[in-house]
Amino acid sequence: MTKQKKYWKGLSELANDPLVDKLKENEFIEEIPVDDFLGDDKNLSETSTSRRDFLKFLGFSTAAATLAACETPIIKSIPYVVKPEEITPGVANWYASTFYDGNDFANILVKTREGRPIFIKGNDLPSSSPNARVISSVLSLYDSNRLKGAMKNGESVTWSDADTDITTRLSNVEGDVVVLTNTIISPTTQAIIEEFGKKYAVKHVQYDAISVQGMLDANKESFGQRVIPTYHLDKADVIVSFGADFLGSWLSTSLEKQYIANRNPKSGKMSRHFQIETNMSLSGSNADIRIPVKPSEKLNLLENLFDTLNGNSTANDKIKDIVAELTSAKGKSLVICDSNDKAIQIMVNAINDILGNYGKTIDMGQPSLLKAGDDNAVAQLIKDMNDGKVGALIMSGVNPSYTLADAEAFNAGLKKVSLTISTALSMDETSTNVEYVCPDRHYLESWGDAKATPNQVAFIQPTIQPLFDSRQIQESLLVWSGDDTEYYTYLKNYWRSKVSWSSSLHDGIAELSADALSLSSFAANVKSVLSQAQGLELALYQSNSIGDGSQANNPWLQELPDPITRSCWDNYLTISATTARENGLSNWNISDGSLNGDMVRLTVGDVVLENIPVLIQPGQAIGTLGLALGYGRTASGKVGNGVGVNAYPLVLNNSYTSSDVKIEKVEGEHGFASVQLHHTMMGRDLIKETTLNEYLENPKSGNKPLLYDTHLGKLAPDQIDLWQAHDHETGHFWNLGINLTSCTGCNSCVVACHSENNVPVVGKEEVRKSRDMHWLRIDRYYSSDMTKEIAEEEGIGAVSKFKAMEIPSENPDVAFQPVMCQHCNHAPCETVCPVAATTHSAEGLNHMTYNRCVGTRYCANNCPYKVRRFNWFNYAENDAFDYNMNDDLGKMVLNPDVTVRARGVMEKCSMCIQMIQKTKLDAKRDGRNIVDNEAQTACSSACPTGAITFGDANNQSHSVTQMVEDDRSYQLLDHLNTKNSVFYQTKIRNRKS
Amino acid sequence: MQKESPIREPLILGDKSYHDITVDVAKPVLAKANKMWWIVFGISLVLFVWWILSVGYTIGTGIGVWGLNKTVGWAWDITNFVWWVGIGHAGTLISAVLLLFRQKWRLSINRSAEAMTIFAVVQAGTFPLLHMGRPWLAYWVFPIPNNFGSLWVNFNSPLLWDVFAISTYFSVSFVFWYVGLIPDFAMIRDKVNEKYWPLRKKIYSILSFGWSGRAKDWQRFEEVSLVLAGLATPLVFSVHSIVSFDFATSVIPGWHTTIFPPYFVAGAVFSGFAMVQTLLLVMRKVVGLEAYITIKHVEYMNIVIMLTGNLVGIAYLTELFMAWYSGVEFEQYAFLNRATGPYWWAYWIMMTCNVISPQLMWFKKLRTNIVFTFILALFVNIGMWFERFVIIVTSIHRDYLPSSWTMFSPTFVDIGIFVGSIGFFFVLFLLYSRTFPVIAQAELKTIVKSSSEQYKK
């Protein structure tokens, strides 16, 4: 028998420690008093733990242990160890800041929650108001496509390595060092570039993606200063715009506030606005008289105007009225033009000079500094690059590989530059071609200053810790110039002597004492600008949402429908119905209603663009085409790539118009994502309108009250009610008034609502299926050549009448109507919900309880205003909807006060109930009443023209109360007697007839 | 002078004896299924599988897999619901109303008509469930005590009325049907040989509730039938009236119409009879019941179809008249748009199938022609589906604000759920035809000797 192996349990056993034996005998070293416990019957019977209790404990422990074994998602919420003094969880902090990206400028207030910026609204200053792009920029902060650190040739690199290499190579560079930026309006940045320039002999070139070179040069020649003027539309009684879309994207400034200031019918006076343009622009759609012309004819009319004012000609029939009005409003008129040609702008200057508008409606003394780009310098730079004269190129705020017409020449030149640095926030078209990408910070993470006019400086302050390992361009330049000052210190030192630092930072702006620019009086050689253009003409424009395309990766903007075409996720050739017919092109609706169109090959000079969809646009001048810039990005990120076509290559000779353009129909069709598929009001009384003269005669004109014939005589709908009224006397009664005369259709409210209420983005395919989720939409209607009156006069039958009514006029009147939940006080939706998920509040609001909703959609069917939106899918955390709500970074923009809705539930405008609640709590805490304009909704606070007024209609001091009682006020579809808390005011146009 | 009353035409042909009837009715249950049955059952099963997949996909992914949109919130889902509920009307009407009116001809067809009702209501019931965004919370529509605070259902909502109307109708129809089945189950029980089919014997014994055929059993049977007929009759009218309230109480032009309740009931009877025709014309051939379901029956039903078809036609015209007479532009446009708008084809299919084609029934030659009847019944089924589609979709796709106007186009899931529900229905009906006595033979035997001639045998 073999010897049995022995295993020791430890060294002690091998060493025969007596303790081992002792332990072997007793499993427990100390005796457990089991007998004491169980042996003592008396003790046991007296214990308070009964057998039943024991079983309960046993059951509970088993259940608890089992449950604990189940996996639940763990979401860590980490509390502050030390609470920052200024942050109270649940309470928002607001910071004043400034937006400027070379294309848009706005003084803003940033709402932060627990250290995250989530909402942007205007800093209430007369000078500016944020447009849709500025409001959306908060989402661009959380763009998952942003660079996480510095890059060299597409590989990560540490900042210190990059700095060492860059500094060494800059010192030994052969050729010029060029800093290519957008227009720099920051005095400190300018100073830093100068300092940097001293060290390396730098050339600074400013480049505007959307050039206004023509105007700058014209002013240089006319007045000796290369600036763009500041306009005062509020002082202009007659505004004549030759194509300038000043309510849209023209000149980076927001003019709608002052435009509307002089269009208040209550004051008995409105400016008269003539728009002579090619594409149907936002300004054109607001104009009192709109004259569609080809770009070439526009110039001929301009020259005709100039000659007529000079007495050298007689007025063309088209502009007879304009000449008469202008001559009778000297010093109170304004003529503007969007042309980027110096000679044309000089002629415009001459016209304004003849009309005596300088110093009155046009201020050259305190000009706008927002545009200073020099296209000649850019052209020279590209030439130098290709000639090998440039040794280093540092780019900031520009994307020339995308925005230049001849990007190929630039890219070729880039290859010949030995050191190329971009400071783009992401790998855009340009950054992918450079050696170093030293990502700049998003403006919401940055310090900065901005001087939009000589007498005012605005400040930029960070509202969040930098998300990534990025560095501001200013700091990079300081480092590369060997200056180790932090940019914040630099900024503070720069301004401390000039302004009161803390209060300026708090206010966002500071006034500067700046003398008016010294100007020479108008002197220029006015040359003829007559055009002999042939064939089809093309006019490029900036779309209302995408602008120059720098924020193309922002899903809010991509899904924001164009206010005119009401299409999103696309650009397209706009074409008039006549021209489309001549070229055999058409648009049609497919079986689910969505819009499809033909595609063409577009030839402009030597440039050929393939497969461009055409969209028939009422109001487009016959024989012309329009195309939006800013689309067709190839390296913007997952959202913006491949949306539309890039129109920048069509900007030939810095001109945004071209003639002798060819289009050729190609195979295939294109699907548009349109949120509105019908364009006329079908003779319905939805937007009530009148003219100024009629209004002055009878304030109720155009707003005839509806009366029903009853056995008690003629009665208004609300007097013949089946239902018991809610009590709206006690407490608040929230009402929202929309002044249709002031609404320019600018879309700011739509995107503000999107941002405040966590409205999901659904993408092009879903929008095509008519499933856009916007809680607030701006309906746009065109007038039709067919009206009820005409049909009656000509004896046209109902069927042909309605068929004809569906077709908009060739040059229609346009009207905008923001529509959100009307908060009916007799709501059709409330009665039909089987589970009472939508109910009425005591404050005149229609509530929607998401977690009670089972999703029958009955409420949406029964809503006459069709404002309810259904969650067809899960839009959050769903790879099929790969937008901001599908990544952790993008989700940081969500408003924590608003639920993210699950699939299968209905949602709609809540009148920003979370904001109302906040206002109520503030007032309650302070023990006071809510004052006028204190309660706001996202849309009302975003409206640049004050068209949306919100308040408590039970409070006589609130402006909404006076508005309710105004003669112009009416409720949409008032015959239904749904008793809406939202009401409208008639649209008034300043027309003769 | 001798006056002899004309002898009533017999309702059963072929000089059937009581035993013949028993054998004929029990045959499909006891014999093996023929090839035809398996082919039809196979097709239905495939469609039913499509239904299961479509339903699974819908519940798993979201209602977005259907073709609905922000403007058209209901389309095929509710169309199918109303269509199936309508079909579910004929059975109870035939057995309850015709029982009260002592119409003996109902006896050959009432069993299958009721079965069709039950199965149609089952199909109908799936749609309100499936069309919910969150069907797993469907129980919230019942007024049950709950721990969600003081949450209660909204008794103002017609959808809630639907819940009550449909569930009541289903339960009463089911009980009525079942009571009628008891003596027939007993017959089958008695015919099953326990030695070969012990399980069958057992099952039919349980199903027949120990029916013994005593006089007392028969007396109670008659009484219960009469009481249930009395209960079911108002339900025939109430259930579709209430379904019509879904539309009638809304504010949407084309929905908000006070004539909807009678109009819907007439339409329901119309479509229900058409479906009974479709099924029975096939069944009498396949199961060999030509002697029981005769041309006479077909003709009677055709007359009902013609009558209700004309009622529906009058309703259509009344709607048009009221739209014009009201002077309300939205109402007028809604009806003009139906007839001439983008869905004009749906409207004219409806008009042709439901109003024009039944007029052919005025000709006796046509209404006693089996093939013609079958084709016409299919026409009516199609027409009535389109009626619901027209009412639902053409009214909401262009309602008040033209800015929201759009169209609806079904996806393959929409189609799958609709076609699949037909498959589901046939699966149930085919299983029924192999396991249930398809003719109420016990009652039918009461009319075998309705003429003295027959007693002479």
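1. Two residues are in contact if their C-beta atoms, placed from the backbone, lie within 7 Å. On that basis, 50 residues of chain A meet 46 residues of chain B. This is a predicted model: local features need pLDDT of at least 70, side-chain atom pairs count only at pLDDT 80 or more, and totals for chains, interfaces and linings use all residues. Residues are numbered from 1 along each chain as its sequence is written, and chains are lettered from A in the order in which they are written.

2. On the chain A side, α27 (798–805), α28 (828–832), α29 (858–861) and β39 (869–870) each supply at least two residues that touch chain B. Helices (H or I, at least four residues) and strands (E, at least two) are DSSP runs, numbered from the N terminus.

3. The largest nonpolar core has 349 residues. Such a core is a set of buried Ala, Val, Leu, Ile, Met, Phe, Trp, Tyr and Cys residues joined through C-beta atoms within 7 Å. Buried means 20 or more other C-beta atoms within 10 Å of a residue's own; exposed means 12 or fewer; partly exposed lies in between. Leu540(A) and Phe270(B) are among the residues with the most contacts inside this core. Helix α9 (residues 260–286) of chain B gives the most to it, with 15 residues.

4. A second, separate core has 57 residues, including Val212(A) and Ala621(A).

5. Val276(B) touches Ala90(B), Ile109(B), Ala113(B), Met116(B) and Met301(B), not counting residues up to four places away in sequence.

6. Ile59(B) is in helix α2 (residues 35–61) of chain B. Ile59(B) counts as partly exposed because 17 C-beta neighbours lie inside 10 Å.
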